[in-house]
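Morning, everyone. Please have a look at the screen. I'll start with a definition and then walk through the chain.

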Amino acid sequence: MNKVRNQEEFKAALATGLENIELQEGLFELSDVSFVADNITIKGVDKANCVLELSKSIYLENKTINLENLTYTVAAGKGYTEQAFAFIHHAVAFNLKNCNADRLRLNVNKATIDNCDFTLNTNSGFDGYCLYYYGKDNSNVVVKNSRFNTAGKAIVMYNEGAPILNLDVEKCTFTSSNTSTDKAAIQMHTEYGISGTLDINECTATGFADVNGGLWNEINNNNGTPTDKFDITVDGIQVH
């Protein structure tokens, strides 16, 4: 691994095409860099004290990015535009492993989130979702062995277009501190036509809306009408 101690060394490492980068303790900005290598691994030496911040969207055409053993953060209050909202756009693959996070916003072909802890203390709009799966057509996101501690929201699938989105959630726990929430742990907001699949295995939801065990809710969020655009399987049984 190539060790970097500060933002300038981080920028230089990525700009010279290094594929394996080890962050020392500190705060690093992911938006303020240029990606040269096609497959990049960024790993922290200390999960709690190596902080990787995304302040605006980044574009990763034809690239794979792997983040490990660090804290990934996106501030609240970003404008809801393609550039401002701090998306990870267009990566071939994105992987988040053994990390802490608050918000993760993905518009990629494929992603895996493994053994991560998400914590959010707001339920305000899109800022209240830990994982915002916007999604390219026929994309797939896998979330496994992870824990979500929120104030009423956890995962949302959404798009202003009509792509096919596929989400697999395995061995995850969802806990809401806001028992008056009207959201399930996984929301599919289908008002503009998204469709696809949702597979849930060995997951629990506590404190979420009293719908489908608190685990999932497919709905036109503009008028509150349930929809039927996703094939949904829970613990091997198709339920929708």
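First, what counts as an element here: helices (H or I, at least four residues) and strands (E, at least two) are DSSP runs, numbered from the N terminus. On that basis, Asn178 sits in the loop between β20 (173-176) and β21 (186-189).

Some ground rules. Residues are numbered from 1 along each chain as its sequence is written, and side-chain values use heavy atoms, without hydrogens or water. This is a predicted model, so local features need pLDDT of at least 70, and side-chain atom pairs count only at pLDDT 80 or more, while totals for chains, interfaces and linings use all residues.

Now the whole chain. How many strands does it have? There are 27, plus one helix. Its radius of gyration is 17 Å, close to the 18 Å that the globule rule gives for 240 residues, so the chain is as compact as a globular protein of that length. That radius is taken over C-alpha atoms, and the rule is 2.2 Å times the number of residues to the power 0.38. The C-alpha atoms fill a box of roughly 50 × 35 × 30 Å along the principal axes.

Of the 240 residues, 51% count as buried. Buried means under 20% relative accessible area, exposed over 50%, partly exposed in between (1.4 Å probe, protein chains only).

Back to Asn178. What does its side chain reach? The backbone oxygen of Ala151, at 3.3 Å. Beyond its neighbours within four places in sequence, Asn178 is in contact (heavy atoms within 4.5 Å) with Asn123, Ala151, Gly152 and Gly207. Asn178 and Ile21 are 39 Å apart, C-alpha to C-alpha, and 157 residues apart in sequence.

Next, Arg105. It lies in strand β12 (residues 104-107). Buried or exposed? Arg105 is buried, because its relative accessibility is 0%. Its side chain makes a polar contact with the side chain of Asp127 (2.9 Å). A polar contact is a pair of N or O atoms within 3.5 Å; within protein, one must be able to donate a hydrogen and the other to accept it, and residues adjacent in sequence count only if both atoms are side-chain atoms. Leaving aside neighbours within four places in sequence, Arg105 also has contacts that include Phe85, Phe87, Phe126 and Tyr132.

Last, two loop residues. Asn115, between β13 (110-114) and β14 (117-119), has a positive phi near 55°. Asn212, between β23 (204-206) and β24 (216-220), has a positive phi near 50°. Asn115 is partly exposed at 31%, and Asn212 is partly exposed at 36%.
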